[in-house]
Amino acid sequence: MAVRVQPRQLAFALPHAESLTRDNFLEGPANEAALSLIESWPDWPNRVMLLVGPEGSGKSHLAAIWAEQAGARSISAHSLNPNAVPGALATGALVVEDLKPADFDERAMFHLLNLAREDGAFVLITGRAAPAAFEVELRDLRSRLRAAPVVSLLPPDDLLFRGLIVKFCADRQLSIDETVVGYLATRIERSYAAARQAIDLLDTEALRLGRPVTRALAAELLRDA
């Protein structure tokens, strides 16, 4: 006798738009200093500034806001090479994203900082940690990086954390109520990355199961995680 097997609904990872405008940036004590830096441009204490913070803390969002107002180009620190430096600085402002230890061309970075100083260009460098913690072989580059002022993004407080949960849901066009927000806010790690991962999981499973995002679904997923 043939046995009918209920087909399992597949969840497809559809792209979702994340707004990186100033109006869509969530403010709080954790990012107050960083937002103040972006909004104070061009009156910066130094033409080269470092913006550091944990994964998902809003570095790219703030960099996008600044790039819009400063007419800056953007390049990843990993892809920076000496030949690309003049073109990268062509507008007089540049975002260098995601600076990591041992993951960038030191000579290219040194060339970039020298040319920026000669041309009077602005450079905003983002990363998870300040270069003071890096092993940098070029002594002059190490000195330049460590001399640049650092502005840090801190872990979110409770109000900002709840706001992030709501924002990540809105980015994915997920409808949730306060019971879901409150449940997640008290049961997952209070970090930007954890909030994003939780919403990604809820979205994927709600789609696969054909269920709305509810407190009950959140409880099931966190229990099984």
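View 1. A nonpolar core is a set of buried Ala, Val, Leu, Ile, Met, Phe, Trp, Tyr and Cys residues joined through side-chain atoms within 4.5 Å. Buried here means under 20% relative accessible area, while exposed means over 50% and partly exposed is in between (1.4 Å probe, protein chains only). This is a predicted model, where local features need pLDDT of at least 70, side-chain atom pairs count only at pLDDT 80 or more, and totals for chains, interfaces and linings use all residues. Residues are numbered from 1 along each chain as its sequence is written, and side-chain values use heavy atoms, with hydrogens and water left out.

The largest core has 26 residues, and the ones touching the most other members are Leu89, Val96, Phe104, Met109, Leu112 and Ile125. At least two core residues come from each of β1 (48–52), α3 (85–88), β3 (93–99), α4 (106–119), β4 (122–127) and α5 (139–147). These labels follow DSSP runs numbered from the N terminus: helices are H or I with at least four residues, strands are E with at least two. The top contributor is α4, with 6 residues.

View 2. Which residues does Met109 contact, leaving aside its neighbours within four places in sequence? They are Leu80, Val96, Leu99, Phe104, Ile125 and Leu141, with contact meaning heavy atoms within 4.5 Å. There is also a second, separate core of 25 residues, with Ala30, Ile165, Val181 and Val213 among them.

**View 3. Where α4 packs on α5.** The axes of α4 and α5 lie 10 Å apart, at an angle of about 55°. That makes the pair oblique; angles under 35 degrees count as roughly parallel, over 145 as roughly antiparallel, 65 to 115 as roughly perpendicular and the rest as oblique. Axes are lines fitted to C-alpha atoms, for helices over the stretch in contact, and angles run from 0 to 180 degrees between N-to-C directions. The α4 and α5 crossing is left-handed, meaning the near helix is turned anticlockwise from the far one by less than a right angle; clockwise would be right-handed. From α4 come Glu106, Met109, Phe110, Leu113, Asn114 and Arg117, which meet Asp140, Leu141, Arg144 and Leu145 of α5.

**View 4. Where α6 meets α8.** Helix α6 (residues 158–171) and helix α8 (residues 192–209) cross at roughly 35°, their axes coming within 9 Å. This crossing of α6 and α8 is right-handed. On the α6 side, the contact uses Leu160, Phe161, Leu164, Ile165, Phe168 and Cys169, and on the α8 side Tyr192, Ala195, Arg196 and Ile199.

**View 5. Backbone spots to look for.** The peptide bond from Trp41 to Pro42 is cis, with omega near 10°, and Pro42 sits in the loop between α1 (32–40) and β1. Two residues other than glycine have positive phi: Asp98, near 60°, and Ala102, near 55°. Asp98 belongs to strand β3 and is partly exposed, at 31% relative accessible area.

**View 6. The spot around Gly92.** Gly92 is in the loop between α3 and β3 and is partly exposed, with a relative accessible area of 26%. Its C-alpha atom is 7.3 Å from that of Gly120, although Gly92 and Gly120 are 28 residues apart along the chain. Leaving aside neighbours within four places in sequence, Gly92 contacts Ala121 and Phe122.
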